[in-house]
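Thanks for coming, everyone. I'll walk you through one structure today, so please have the sequence and the 3D view open.

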Amino acid sequence: LSKFLNAISLEETDSKISEIIGVNLNTSNIGYTHNNGKAFSIDIEIYLCESLNNGNVSIQILNNHDIPIIHSWIFKEDSTLLNKQGKHQLKCIFPNLRLYQGDYYCKVILAANNGNSVIQILDNIWSFDVVMYEIEIAY
């Protein structure tokens, strides 16, 4: 279960396009290493040159075989976030992200029309490792 938090900043910018302008991972350990079952979050900053028609932002976490493991999203109906032009900051929180040990990466998508009109895809960003230090692994 994930939870999106948001904040809006109406700073002026010269950009004429809506776009993702920043993504940052917050893993449970240093060096982009995450301990299975611990808190994990993703910060996303987007700029909207105008209000999006049924806009959404989605996040996928994929494993090293390019298989999507987690897909979390926020739609306009879930928040007033995409109703205004300006810079928006999102935080997707996974209070206890459970992934099996291995290598993973993120994909972030900004879209309109309920996901039917993709504005931008950032693929294969922020690789991170999952470890299981506190769990006995059955082979």
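**Strands, rings and cysteines**

Before anything else: this is a predicted model. Keep that in mind throughout.

Let's start with strand pairing. Strand β5, residues 56-63, pairs with β6 in the antiparallel sense, over seven bridges. If you want a pair to click on, take S58, which stands opposite W73 in β6. These two strands form a hairpin with four residues between them.

Now zoom out. How many strands does the open sheet have, and in what order? There are five, and the order is β3-β9-β8-β5-β6. The pairing is mixed. β3, residues 33-35, and β6, residues 68-75, stand at the edges. Each of them has a single partner strand, so one side of each is left without a neighbour in the sheet. Neighbouring strands here are turned by 30 degrees against each other on average, ignoring direction.

β3 pairs with β9, residues 117-131, in the parallel sense, over three bridges. H34 has V130 in β9 as its bridge partner. T33 is also in strand β3. Is T33 buried or exposed? With 15% relative accessibility, T33 counts as buried. Apart from residues within four places in sequence, T33 contacts T27, S28, D129 and V131.

On to backbone angles. Most residues other than glycine have a negative phi. Y32 has a positive phi, near 55 degrees. W126 has a positive phi too, near 50 degrees. Y32 sits in the loop between β2, residues 19-26, and β3. W126 is in strand β9. Y32 has 31% relative accessibility, so Y32 counts as partly exposed. W126 also comes out at 31%, so W126 is partly exposed as well.

Those two residues meet. What kind of aromatic pair do Y32 and W126 form? It is a tilted pair, with 4.8 Å centre to centre and 35 degrees between the planes. The pair links distant parts of the chain, since Y32 and W126 are 94 residues apart.

In total, the structure has four aromatic pairs. Another of them is F40 with F128. This pair is tilted too, at 5.1 Å centre to centre and 40 degrees between the planes. F40 lies in strand β4 and F128 in strand β9, so the pair ties together parts that are 88 residues apart in sequence. F40 and F128 are both buried. Ring pairs also build a cluster here, made of F40, F94, Y104 and F128.

F128 brings us to the core. The largest nonpolar core has 28 residues. Which residues have the most contacts inside it? They are I42, I44, I61 and F128. The elements giving two or more residues to this core are β2, β4 (38-48), β5, β6, β7 (86-97), β8 (102-112) and β9.

Take I42 as a case. Leave out its neighbours within four places in sequence. I42 is then in contact with V23, N24, L25, N26, I59, L90, K91, C92, F94 and C106. Notice the two cysteines in that list, C92 and C106.

So, what about disulfides? A disulfide is a covalent bond between the sulfur atoms of two cysteines.

To recap, then. The open sheet has five strands with mixed pairing. Y32 and W126 form a tilted aromatic pair. The largest nonpolar core has 28 residues. Happy to take questions.

Definitions and conventions:
Residues numbered from 1 in each chain as written. Predicted model: local features only at pLDDT ≥ 70, side-chain atom pairs only at ≥ 80, totals over all residues. Heavy atoms only, no water. Pairing = 2+ DSSP bridges. Axes fitted to C-alpha atoms, helices over the stretch in contact; angles between N-to-C directions. Buried < 20%, exposed > 50% of the residue type's maximum accessible area, 1.4 Å probe, protein only. Core = buried A, V, L, I, M, F, W, Y, C linked by side-chain atoms within 4.5 Å. Contact = heavy atoms within 4.5 Å. Phe/Tyr/Trp six-rings, centres within 6.5 Å; stacked < 30°, edge-to-face > 60°.
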